[in-house]
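Good morning, and thank you for coming. I would like to take you through one protein model.

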Amino acid sequence: NGRAARHNVGYVHGQPPEGSVEASPATPGEGGPVAACVAYHAAAVGIVMDSEGPPSARVQHFFSEHTDDISCMAVHPSGQFVATGELGRSPVIHVWTAAGRP
C-alpha cells in the first residue's frame, strides 16, 4: 500500500556505535532536577531513561522524528533539552525535550 508502518515502542535496548556520544546524564524537569536520567540513542531513536530504581521501574521517553541513524547527541546543562543530529544526504539536527517531545 506504500504507507510507512508506525510502531509503538515499549522499550529500547542499545549501544551507540563506536566513536559516537556516550550516554549523557540528563535531569528533566521544570526548575531543576526531578529524576536522575541518562540520554542515549539507538539507530534513529533518541532515548531518555530514568536511571534510579530497579530496571523494571525505569521509564523511557522516546524521540523518533529522525529519518536516518543518529550520529551525535548533546544534553543541555539544565537537563531539559536534548539535541540529536543524524546521518544522511540531508542531515538535520532536532532539539527536543527530555520527555521526548520536539
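Predicted model: local features only at pLDDT ≥ 70, side-chain atom pairs only at ≥ 80, totals over all residues.

Residues are numbered from 1 along each chain as its sequence is written, and side-chain values use heavy atoms, with hydrogens and water left out.

The average pLDDT (the predictor's confidence in each residue, from 0 to 100) is 75, and 63% of the residues score at least 70. Confidence is highest in strand β7, at a mean of 94, and lowest in strand β1, residues 24–26, at 54. Strands here are DSSP runs of E, at least two residues long, numbered from the N terminus.

Which residues form the largest nonpolar core? Its eight members are Cys37, Ala39, Val48, Phe63, Met73, Val82, Trp96 and Ala98. Another core, of seven residues, lies apart from it and includes Val38, Val45, Ile47 and Phe62. A nonpolar core is a set of buried Ala, Val, Leu, Ile, Met, Phe, Trp, Tyr and Cys residues joined through side-chain atoms within 4.5 Å; buried means under 20% relative accessible area, with a 1.4 Å probe and protein chains only. In soluble globular proteins, nonpolar side chains tend to be buried together.

Ile93, in strand β7 (residues 93–97), is exposed (over 50%), with a relative accessible area of 66%.

Finally, Ala43 lies in the loop between β2 (37–42) and β3 (45–50). Ala43 is not a glycine, yet has a positive phi of about 55°. Most residues other than glycine have a negative phi.

Notes
Helix = DSSP H or I, 4+ residues; strand = E, 2+ residues; numbered from the N terminus.
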